[in-house]
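The entries below follow the order in which I checked them.

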Amino acid sequence: MIERVYPTTEDKECKAVNLLMVEDDDIDATALKRALQKLKLLNPIYRARDGLEAIELLRSGGIPSPYIILLDLNMPRMNGLEFLEEIRSDPALTQAIVFVLTTSKSDEDIFAAYREHVAGYLLKQRMDNDFLQVVGLLNHYWRIVEMPSTLAQ
């Protein structure tokens, strides 16, 4: 099931960049949603609760292009690093823009994520005012970066 988390209706004013949040933790998902609301960002957010659900959503076309993926690493069934390997090996998904948003400070995880060409590696520990700056960074990213209307097939 596709869960459109925020906003609940479409707004013609927002740039058409969708966010796919791949996050198993309800508290972290709610914190991200609140941060976006606090900054009055209206980009649609979709949520998958693990890597397998996210892969199914992307392959079925359930997330409209263009999109940015916010990826947790520590999840059941298919973790974030496994998800990255899977999308980078899929010609239809390999160009997806992915930001890791996780609790892991492990150098091994950081190196593994960057080997899979993530756009950035951000720590969840900044769920306070610093977290608003992280969300603001994402807002600026999709406002100034030109993205194709659809990813290469």
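Entry 1: What is the volume of the largest cavity? I am working from a predicted model, and in it I read a volume of about 70 Å³ for the largest cavity. Twelve residues line this cavity, and those closest to its centre are Met21, Glu23, Leu32, Leu101 and Lys124. I then looked up which elements give two or more residues to the lining, and found strand S2 (18-22), helix H1 (26-38) and strand S4 (67-71). H1 gives the most, with three residues. Sorting the lining by class, I noted eight nonpolar and four charged residues, with no polar residue in the set. My search of the whole structure returned one cavity of 30 Å³ or more.

**Entry 2: the chain as a whole.** The chain has 153 residues, of which 50% count as buried. For the contacts with a separation of 6 or more, I noted that 71% are accounted for by residues 24 or more positions apart.

**Entry 3: helix H3.** Which residues of helix H3 are buried? For this helix, residues 80-88, I listed Gly80, Leu81, Phe83, Leu84, Ile87 and Arg88. Seen down the axis of H3, these buried residues fall within an arc of 155°, so they line one face of the helix. I recalled that an α-helix has 3.6 residues a turn, so residues three or four places apart point the same way. As partners against which the buried residues of H3 pack, I noted helix H2 (51-59), S4, strand S5 (97-102) and helix H4 (107-115). At the N-terminal end of H3 I found a cap formed by Asn79, with a side-chain oxygen 2.9 Å from the backbone nitrogen of Leu81.

**Entry 4: Asp90.** I followed the chain into the loop between H3 and S5, where Asp90 is found. Is Asp90 buried or exposed? Asp90 counts as buried, because its relative accessibility is 13% and the cut-off for buried is under 20%. I also noted that the side chain of Asp90 reaches the backbone nitrogen of Ala92 at 2.8 Å.

**Entry 5: Ser104.** In the loop between S5 and H4 I looked up Ser104, which is buried, with a relative accessible area of 10%. What does Ser104 touch, not counting residues up to four places away in sequence? I listed Leu73, Asn74, Asp109, Tyr121 and Leu123. For Leu123, which lies 19 residues from Ser104 along the chain, I noted a C-alpha separation of 7.2 Å. The side chain of Ser104 also reaches the backbone nitrogen of Ser106, at 3.3 Å.

**Entry 6: helix H4.** Ser106 in turn caps the N-terminal end of H4, placing a side-chain oxygen 3.2 Å from the backbone nitrogen of Glu108. Within H4 I found Asp109, Ala112 and Ala113 buried. Their directions, seen down the axis of H4, fall within an arc of 100°, so these buried residues line one face of the helix. On the face turned away from the buried side I noted the exposed residues Asp107, Phe111 and Arg115. The cover over the buried residues of H4 includes H3, S5 and S6.

**Entry 7: backbone geometry.** I kept in mind that most residues other than glycine have a negative phi, and most peptide bonds are trans. Where is there a cis peptide bond? I found one joining Ser65 and Pro66, with omega about -5°, and I placed Pro66 in the loop between H2 and S4. Arg77, although not a glycine, has a positive phi of about 60°; this residue is found in the loop between S4 and H3 and counts as exposed at 58% relative accessibility. His117 follows H4 and has a positive phi near 65°. I placed His117 in the loop between H4 and strand S6 (120-123), and at 60% relative accessibility His117 counts as exposed.

Terms used: Residues are numbered from 1 along each chain as its sequence is written. This is a predicted model: local features need pLDDT of at least 70, side-chain atom pairs count only at pLDDT 80 or more; totals for chains, interfaces and linings use all residues. Side-chain values use heavy atoms; hydrogens and water are left out. On a 1 Å grid over the protein atoms alone, a cavity is a set of points where a 1.4 Å probe fits but cannot get out, and a pocket is an open set with protein on both sides within 12 Å along at least five of seven lines; lining residues have an atom within 4 Å of a point. Grid points are joined across faces, edges and corners, and a volume is the space filled by probe spheres set on the points. Helices (H or I, at least four residues) and strands (E, at least two) are DSSP runs, numbered from the N terminus. Ala, Val, Leu, Ile, Met, Phe, Trp, Tyr, Cys and Pro count as nonpolar, Asp, Glu, Lys and Arg as charged, and the others, Gly among them, as polar. Buried means under 20% relative accessible area, exposed over 50%, partly exposed in between (1.4 Å probe, protein chains only). The arc is that of the directions from the helix axis to the C-beta atoms. Contact means heavy atoms within 4.5 Å. A polar contact is a pair of N or O atoms within 3.5 Å; within protein, one must be able to donate a hydrogen and the other to accept it, and residues adjacent in sequence count only if both atoms are side-chain atoms.
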